[in-house]
Amino acid sequence: MTTKKPLLVVQNVKTYYPIKTGFMNLKTDYVKAVDGVSFDIFEGETVGLVGESGCGKSTLGRTIIGLEPITDGHIYFDGQQMDYRTDRVSLSKQIQIVFQDPYSSLNPRQTIGDVLAEPLRVHRIVAARDIPQEVERLLQLVGLPTTAKSRYPHEFSGGQRQRVGIARALALRPRLLICDEPVSALDVSIQAQIMNLFKQLQQELGLTYLFIAHGLGAVKYISDRIAVMYAGKIVEMGTTEDIFLRPQHAYTKTLLRAYPNPDPTKRSIIQRTQKGALE
Amino acid sequence: MIGYIVRRLLIAVPVLFGVTVINFLIMRMAPGNPVDMLVSPKLPDAAREAKMIELGLHEPIYIQYWNWLKNLVVHQDLGYSMITYEPVTTMIWDRMGPTVLLMGVALILGLCIAIPVGIYSATKQYSKLDYVFVTGSFLGISIPNFFLALLLVYVFSIQLNWLPSGGMKELGSSGSVTTLIIHMILPLIVLVASVAGRNIRYVRSSMLEILGQDYLRTARAKGVKEFFVVNKHGMRNALIPIVTIIGLEIPILFGGAVVVEQIFSWPGIGQLTLSSIMNRDYSTLMGLNLVAAFVVIAANIVTDIAYAFVDPRIRKSYVGGSKR
């Protein structure tokens, strides 16, 4: 399943935001949202990226896709260095992103058909006359009825909207899909459906995933490897098994304790010991 | 949708009725009457009485109102001016053209300035040009229109002698399009300054709110070029609240017309209103009030309908009868 060729190489990436204060907005300080992050993602694998709110994981995802200006470091996609200042438009064909909030990330004035047709038109993925068929194909791919295309986002439930978000991301036939907490805004019963959809799409289309979540529970099910992020840095990265059974970093252990498992026999060693016992 | 419009029009009828009653009462409570304005004070009281009876002013107020209303409903007639004896309908109709022309052009020009400037200010927030535009819009809002009007007349008509200080055409000429435009420049500057000033701020703040929305990020992620992200995804959503503001702008312009038309002797509704007030011309004033109330109500209905057209979320709730 996993080949040896890295699809995405992230090298020492930093994303800083200037804090503008004072008269005439003189730059005084920076928020170091992502502070020197390096990792690889291989073709066809799923990497889970976990960390608490505000640790920079979403910023990292948006930096990779070119939505945030990179402060320092390099990102290579398929062996080619990406220059995000110029490449945002062409890059969007290769790497796509599914956002957390499926409602606010859809334009309320566009029908679902418009939402899906726009990237096809901008990037000329299919000929103009084939766009309606392609839109229907995408809707079917994510398990929505084709009648959805003439309706507006507010007419759908959260799970359905997230399916639209996934279809929209897949419209450009990307190789890497960044999933920025795609299920955290959904009901638990819907979460499982969407996670299954992600798994199924990966098998059908051979996608590579960077799966961002704030808890380990959400990524355990889908990830081959997991990266744990804390305060803008990756503190630990390993296979899903390693992270759950042999965590090294204190923060990973804290996260594991926070992950509820109703079956006591399946709880990890960390969860069965008292806090502090292994540290 | 048609049912909705009909319902709104039916609600408008009692509102118009209420407006006329209140206006009628307020007008009669004000001191003076048309006869004082019309008849020389030297005439004997008997002559005054005769004039009162002729105009129907000797009847109790409620009878007078009833006569006015009956005339309006049964004959669709607003009566005759108590001063000039012209039909009120004709007077208002003749004055309507110049006012609609001036206000319409002012509204369109104002928005043509406000929308691009507001969008620029929002996308380049806190840039030098943004500060210039925001300060300019503050000036446009703050400066009283009569003061700006007098200032412009002083500079451009009296000192420089470039532009006429009032009127719609040269005296004695039949008036051409060029002279009309020349006469419109100064009143337009006054009206556009306030329309643009107000709306730059509305567009800017509405756009700022939209620029932070997640779906603009989605549009960028799709690879849509920045120009279209702002002007297609952003602006179309930002204009939804602006549509409401434009609807409110129409009554404001109608009110502002009274002052601006007076200063620039623009032969429109505003000038007629002021001269009718001065002359206590009750019947003309009632007609003008009715027209003004109608314009406000119509502007509101049009706004609500326009709202449905620009926002699909609202449109569905009209068409489908119920939401979702």
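Read along its sequence, chain B follows the pattern α-α-α-α-α-α-α-α-α-α-α-α-α. That comes to 13 helices and zero strands, where helices (H or I, at least four residues) and strands (E, at least two) are DSSP runs numbered from the N terminus. Before going on, some bookkeeping: this is a predicted model, in which local features need pLDDT of at least 70 and side-chain atom pairs count only at pLDDT 80 or more, while totals for chains, interfaces and linings use all residues. Residues are numbered from 1 along each chain as its sequence is written, and chains are lettered from A and ligands numbered from 1 in the order in which they are written.

Let's stay with chain B for a moment. Its C-alpha atoms fill a box of roughly 85 × 60 × 35 Å, taken along the principal axes. Of the 324 residues in chain B, 31% are buried; a residue is called buried if 20 or more other C-beta atoms lie within 10 Å of its own, exposed if 12 or fewer, and partly exposed in between, with C-beta atoms placed from the backbone. Contacts are counted when two C-beta atoms, again placed from the backbone, lie within 7 Å. Take the contacts in chain B between residues at least 6 apart in sequence: 70% of them join residues at least 24 apart.

Now for where the two chains meet. The contact takes 18 residues from chain B and 23 residues from chain A. On the chain B side, helix H9 (214-221), helix H10 (226-263) and helix H13 (312-319) each supply at least two residues, and H9(B) gives the most, with six. By type, the chain B side divides into five nonpolar, five polar and eight charged residues. Here Ala, Val, Leu, Ile, Met, Phe, Trp, Tyr, Cys and Pro count as nonpolar, Asp, Glu, Lys and Arg as charged, and the others, Gly among them, as polar.

What about the interior? In soluble globular proteins, nonpolar side chains tend to be buried together. The largest nonpolar core in this model has 128 residues, and those with the most contacts inside it are A:Val50, A:Ala167, A:Ile178, A:Leu210, A:Phe211 and B:Val203. Such a core is a set of buried Ala, Val, Leu, Ile, Met, Phe, Trp, Tyr and Cys residues joined through C-beta atoms within 7 Å. Helix H8 (residues 177-211) of chain B gives the most to this core, with 14 residues. Leaving aside neighbours within four places in sequence, B:Val203 touches B:Ala114, B:Ile115, B:Gly118, B:Ile119, B:Ala238 and B:Ile242.

A:Val50 leads us to the sheet in chain A. Six strands form an open sheet in the order E6-E7-E8-E3-E9-E10 (chain A), with mixed pairing; two strands pair if DSSP finds at least two bridges between them. Strand E6 (95-98) and strand E10 (233-239) of chain A stand at the edges with a single partner strand each, so one side of each has no neighbour in the sheet. Neighbouring strands are turned by 20° against each other on average, direction ignored. Helix H9 (residues 250-258) of chain A packs on the sheet, touching E3, E9 and E10 of chain A, and its direction makes about 105° with that of E9(A). For these angles, axes are lines fitted to C-alpha atoms, for helices over the stretch in contact, and values run from 0 to 180 degrees between N-to-C directions.

Zoom in on strand E3 (residues 46-50) of chain A. Four bridges join it to strand E9 (residues 225-230) of chain A, running parallel, and five join E3(A) to strand E8 (residues 208-213) of chain A, also parallel. A:Val50 stands opposite A:Val228 in E9(A), while A:Leu49 has A:Ile212 in E8(A) as its bridge partner. Five of the five residues of E3(A) are buried, so the strand is largely enclosed by the rest of the structure. A:Thr46, A:Gly48 and A:Val50 are on one side, and A:Val47 and A:Leu49 on the other.

Helix H4 (residues 131-141) of chain A tells another story about sides. Its residues A:Val135, A:Leu138 and A:Leu139 are buried. They sit on the same side of H4(A) because they cover an arc of only 100° around the axis, the arc being that of the directions from the helix axis to the C-beta atoms. The face turned away from the buried side carries the exposed A:Gln133 and A:Gln140.
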